[in-house]
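Here's a quick briefing for anyone meeting this structure for the first time. Have a look at the sequence and the model, then read on.

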Amino acid sequence: MSLQRYLARKREFRAYQWKMAKRSKACYLFLAPYGILFITFFVVPVITSLCLSFTYYNILEPPRFIGLQNYINLLLADDVFLIAVKNTFLLALITGPVGYISAFLFAWFINELPRYIRAIAIVMFYAPSLSANMYLMWAYLFSGDAYGLLNAILIELNLIQQPITWLTNPQYMMTVVIIVSLWSSLGAGFLALVAGLQGIDKSMYEAGLIDGIKNRWQELWFITLPNMKSMLMFSAVMSITSAFNVADVPMALTGFPSTDYATHTVVLHLIDYGSIRFEMGYASAIATLLFFTMILCNKLIQKLLRRVGT
Amino acid sequence: MRKKILKRRKPNRSWGGDFGIYTFLGLFAAFMVLPMIYTINSAFKPMDEIFLYPPRFFVRNPTMDNFQDLLVLLGKSWVPFSRYLFNTVFITVAGTAGHIIIASMGAFVLSKYRFPGSLTFFRVVVTALMFNGYVTSIPNYLVIAKLGWVDTVWAVVIPAFAAPMGLFLMKQYMDANIPDVLIEAAKVDGAKEWAVFTHIAMPLVKPAWLTLMIFSVQNLWNARGSTFIYSEQLKTLPYALSQIAAAGIARTGVAAAVSVVMMIVPVATFIIVQSNVMETMATSGIKD
């Protein structure tokens with residue numbers, strides 16, 4: 001009895017939706033250019049990736065269905081992938097939270113400066129992520145021969161006798177990549193946080209002062225953070241994205257592939273199999289795994305952020 | 001008599017804390033701009049100062065040699081320099097203009113009208129904020145090949161129309177800044193949707209246009225297009241400049257000049273539109 005009622009109500013709802021849709025034809029027309037382009041270039045590739053991950057596909061022959069073989073190879077038989085996962089997680093765990101917290105801290109620190117100094121500070125902090133290939137300059141600073149600036153300074157101070165090869169020694173490569181990633185991590189999230197801090201109601205601060213808030217850290221936890229939840233969420237999404245998608249920096253600085261695969265990340269592994277060995281099925285499997293991992297991390301972080309300030 | 005207005009200092013700020021924080025901030029700001037200052041200095045160094053040992057940071061005798069070399073080198077290439085510049089400028093301008101118009105149209109209906117599928121579509125777009133270029137690049141190549149756009153400039157321009165960040169920012173801004181009553185008043189006066197869009201919505205969201213413009217310029221100016229563009233006449237400026245920079249150690253000065261050229265346009269645009277960007281980002285939170 002109730003199943004029939006449920007189905008009847010579903011049918012009514014569908015009819016209602018169809019009527020609403022027919023009434024808003026103009027809306028669909030407005031959304032159409034963006035919608036078609038977005039679906040073609042963002043949704044279709046993800047779905048294609050998902051489908052291709054179950055096949056063996058090099059671009060010359062049509063795809064051949066092989067089931068879960070790609071995933072089994074990936075997780076059980078590929079040593080380099082495990083190294084890449086370890087590297088990516090290390091990078092993400094350090095660059096992600098540290099970058100996120102430092103973006104918030106810098107936004108909070110420059111909040112109280114006068115307007116012109118704040119404008120200059122924003123440009124100074126955002127500039128590294130504006131110019132996409134500035135990190136090549138880090139390659140000159142960390143260069144492995146005696147001409148590299150860091151090597152020259154250390155030799156002059158007599159701390160080392162020989163120049164250290166920062167970019168090709170597996171011991172130091174990871175640290176260099178972490179430093180450069182952190183340097184270029186103040187992106188759109190940072191701008192959102194600065195803008196959000198400006199928008200907090202000043203009367204709340206005065207009310208807090210009257211109620212006895214002693215120092216700036218208490219003010220941060222009780223007043224500032226709860227008012228900034230939506231900005232914190234946006235900044236977190238951007239941080240997680242850039243933390244997991246580290247590929248340009250290691251490729252430009254430490255070479256592709258890097259010595260001992262010491263800075264090989266998951267995206268670099270994907271580029272390796274996709275653009276160099278042309279095994280599209282395998283690369284699609286990597287892309288699908290990466291995609292689901294990022295969604296999972298995002299959901300976790302959003303759950304965590306809901307509790308901030310309470 | 002002039003009255004001096006004293007700014008009240010918050011009583012819960014200690015001088016020691018302030019001093020510590022501003023020192024820390026100053027150090028970090030220096031760390032952030034370090035490579036840029038190094039680049040600008042290197043670009044003006046004459047040849048003998050570049051290879052000085054021990055290397056110096058600041059330049060003693062600035063010259064414009066490197067920039068002149070840049071023009072000479074590029075002038076000798078197969079395709080004239082102005083062609084590369086034109087390609088990049090075309091990609092940037094066309095991509096930005098198209099992106100602003102198309103994303104604004106989409107964001108306007110998503111934010112002000114309720115129709116079936118709007119919420120789902122927006123959630124999918126927010127999820128797409130997480131993608132990287134490489135992850136979608138492999139199937140993208142197949143799609144673009146099927147469409148026949150390989151080796152044309154549209155392969156780079158048209159996917160840039162659909163960047164998810166632009167739609168997200170524009171929709172959030174429109175949510176907060178276009179009062180519903182204004183649209184209802186326009187409807188009462190007999191305006192159709194397109195008229196409402198052009199005459200009411202767009203003039204109100206000018207800061208958001210400028211923000212979309214800066215993000216789009218940032219992405220497209222550095223677009224190498226290497227996956228899709230093969231013929232020499234359509235290559236972009238970053239490609240040509242990275243070829244020069246990769247030519248080895250004799251070109252270190254020119255490589256620095258290259259970096260300065262590539263860096264100036266986005267940074268200058270950002271400085272110009274900065275206050276508008278901040279106004280837009282103030283509405284960019286993800287509310288859940």
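In H8 of chain A, the buried residues are A:Met173, A:Val176, A:Val177, A:Val180 and A:Ser181. Looking down the helix axis, these buried residues sit within an arc of 130 degrees, so they line one face of H8(A). Keep in mind that this is a predicted model.

**Helix H8 of chain A**

- H8(A) covers residues 170-183, which makes 14 residues.
- From first C-alpha to last, H8(A) reaches 21 Å, close to the 20 Å expected at 1.5 Å a residue.
- Which exposed residues are on the face of H8(A) turned away from its buried side? That face carries A:Gln171 and A:Thr175.

- A:Ser258 lies in the loop between helix H13 (248-254) and H14 of chain A.
- Is A:Ser258 buried or exposed? A:Ser258 is buried, because 22 other C-beta atoms lie within 10 Å, and 20 or more is what it takes to count as buried.
- Leaving aside residues up to four places away in sequence, A:Ser258 touches A:Met173, A:Pro250, A:Thr263 and A:His264. One of these, A:Met173, also belongs to the buried residues of H8(A).
- A:Val180, another buried residue of H8(A), is 78 residues from A:Ser258 in sequence and 16 Å from A:Ser258 in space, C-alpha to C-alpha.

**Chain A as a whole**

- Chain A comes to 15 helices and two strands.
- Its C-alpha trace spans about 85 × 70 × 35 Å along the principal axes.
- The radius of gyration of chain A is 25 Å, whereas a compact globule of 310 residues would have one near 19 Å.
- Of the 310 residues of chain A, 39% count as buried.
- Take the contacts in chain A with a separation of 6 or more: residues 24 or more positions apart account for 69% of them.
- On confidence, chain A averages a pLDDT of 83, and 97% of the residues score at least 70.
- Where in chain A is confidence lowest, and where is it highest? The lowest is helix H6 (residues 136-141) of chain A, with a mean of 74, and the highest is helix H4 (residues 79-109) of chain A, at 88.

**Chain B as a whole**

- Chain B has 14 helices and zero strands.
- The C-alpha atoms of chain B fill a box of roughly 75 × 70 × 40 Å along the principal axes.
- A compact globule of 288 residues would have a radius of gyration near 19 Å, but the value for chain B is 24 Å.
- Of the 288 residues in chain B, 39% count as buried.
- Among contacts in chain B with a separation of 6 or more, 78% are between residues 24 or more positions apart.

**Where the chains meet**

- The buried residues of H6(B) are B:Ile138, B:Pro139, B:Asn140 and B:Ile144.
- These buried residues pack against helix H2 (25-52), helix H14 (266-276) and helix H15 (280-305) of chain A, together with H7 of chain B.

**Positive phi angles**

- Most residues other than glycine have a negative phi.
- A:Phe278 is not a glycine, yet A:Phe278 has a positive phi of about 55 degrees.
- A:Phe278 is found in the loop between H14 and H15 of chain A, and A:Phe278 is partly exposed, with 14 other C-beta atoms within 10 Å.
- B:Asp151 is not a glycine either, and B:Asp151 has a positive phi of about 70 degrees.
- B:Asp151 has its place in the loop between H6 and H7 of chain B, where B:Asp151 is partly exposed, with 13 other C-beta atoms within 10 Å.
- Just after H6(B), B:Gly148 takes a positive phi of about 80 degrees.

Definitions and conventions: Residues are numbered from 1 along each chain as its sequence is written. Chains are lettered from A and ligands numbered from 1 in the order in which they are written. This is a predicted model: local features need pLDDT of at least 70, side-chain atom pairs count only at pLDDT 80 or more; totals for chains, interfaces and linings use all residues. Helices (H or I, at least four residues) and strands (E, at least two) are DSSP runs, numbered from the N terminus. The expected span of a helix is 1.5 Å times one less than its number of residues. A residue is buried if 20 or more other C-beta atoms lie within 10 Å of its own, exposed if 12 or fewer, and partly exposed in between; C-beta atoms are placed from the backbone. The arc is that of the directions from the helix axis to the C-beta atoms. pLDDT is the predictor's confidence in each residue, from 0 to 100. The radius of gyration is taken over C-alpha atoms; the globule rule is 2.2 Å times the number of residues to the power 0.38. Two residues are in contact if their C-beta atoms, placed from the backbone, lie within 7 Å.
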